[in-house]
Amino acid sequence: HPDDETLGCGGILAEVASRGYPVTVIIATNGEASHPASPTHSPDDLARIRRTEASDAMSVLAPGCRLVLLDLPDGRLDEAGPALRAAIADAVGAGPAWLLTTWEQDRHPDHAACSRAARRVAADHPARTIAEYPIWAWHWGDPAGHDLPVAAMTRIPVSDAAAAARQRA
């Protein structure tokens, strides 16, 4: 969804881009189903707004990055697994790559579908590393409880400039 990349790994995107590495961001859906009862924005309006927001965010985080907007059905990414895997495979090519994706256990079906697709692509090539980031866990997770594997999580520090870029985005 547009904004998951900014919220979940925006600092990393900014850090990597600032070091001159190529960045490709794939946004599987336009987030058009995010506010089904909105009295002010239709799903088409939301899709258009969120696509623009994603483009604007990337111009701050990773200027010149390749932004791929797949327009897959929001809330139904499981139905689009082959298309999603093909887009990820195309983006990473044959070379080494980091795949950053939403966390499979984030309790959102689209986040889980993206994780599964990225894992399958990463499994096809040993030079691909995958990391997952939570988006919705802060709504339901309890760091002191058993539902959030805090001990298994890793924080990836970024520069002050990258953190500021994420905040602006």
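**Figure 1. The buried residues of helix 4 in a predicted model.** In this predicted model, let's start with helix 4, where Asp110, His111, Ala112, Ala113, Cys114, Ser115, Ala117, Ala118, Val121 and Ala122 are buried. Which elements do the buried residues of helix 4 pack against? Two of these partners are helices, namely helix 1 (4-18) and helix 3 (81-92). The others are strand 1 (24-29), strand 3 (97-102) and strand 4 (128-133).

**Figure 2. Helix 4 from end to end.** Helix 4 covers residues 109-123, which is 15 residues.

**Figure 3. Helix 1 packed with helix 2.** When two helices pack, we describe them by the angle between their axes and the distance between those axes. For helix 1 and helix 2 (residues 43-61), the angle is about 35 degrees and the axes are 9 Å apart. Which residues of helix 1 meet helix 2? Look for Glu5, Thr6, Gly10, Leu13, Ala14 and Ala17 on the helix 1 side. On the helix 2 side, find Ala57, Met58 and Leu61. Taken together, the residues of this contact divide into six nonpolar, two polar and one charged.

**Figure 4. The largest pocket.** Rolling a probe the size of a water molecule over the atoms shows where empty space is left. The largest pocket found here has a volume of about 990 Å³. Its lining is made of 35 residues, and Leu13, Thr24, Trp98, Leu99 and Leu100 lie nearest the centre. Two or more lining residues come from each of helix 1, strand 1, helix 3, strand 3 and helix 4. Which element gives the most to this lining? That is helix 1, with seven residues. By type, the lining of the largest pocket holds 26 nonpolar, five polar and four charged residues.

**Figure 5. The second largest pocket.** This pocket has a volume of about 680 Å³. How many residues line the second largest pocket? There are 22, of which Gly8, Tyr133, Thr154, Arg155 and Ile156 lie nearest its centre. Helix 1, strand 4 and helix 6 (160-168) are the elements that give two or more residues to this lining. Helix 1 gives the most to the second largest pocket, with six residues. The lining of the second largest pocket divides into 15 nonpolar, four polar and three charged residues.

How values were computed
Residues are numbered from 1 along each chain as its sequence is written. This is a predicted model: local features need pLDDT of at least 70, side-chain atom pairs count only at pLDDT 80 or more; totals for chains, interfaces and linings use all residues. Side-chain values use heavy atoms; hydrogens and water are left out. Helices (H or I, at least four residues) and strands (E, at least two) are DSSP runs, numbered from the N terminus. The expected span of a helix is 1.5 Å times one less than its number of residues. Buried means under 20% relative accessible area, exposed over 50%, partly exposed in between (1.4 Å probe, protein chains only). Contact means heavy atoms within 4.5 Å. Axes are lines fitted to C-alpha atoms, for helices over the stretch in contact, and angles run from 0 to 180 degrees between N-to-C directions. Ala, Val, Leu, Ile, Met, Phe, Trp, Tyr, Cys and Pro count as nonpolar, Asp, Glu, Lys and Arg as charged, and the others, Gly among them, as polar. On a 1 Å grid over the protein atoms alone, a cavity is a set of points where a 1.4 Å probe fits but cannot get out, and a pocket is an open set with protein on both sides within 12 Å along at least five of seven lines; lining residues have an atom within 4 Å of a point. Grid points are joined across faces, edges and corners, and a volume is the space filled by probe spheres set on the points.
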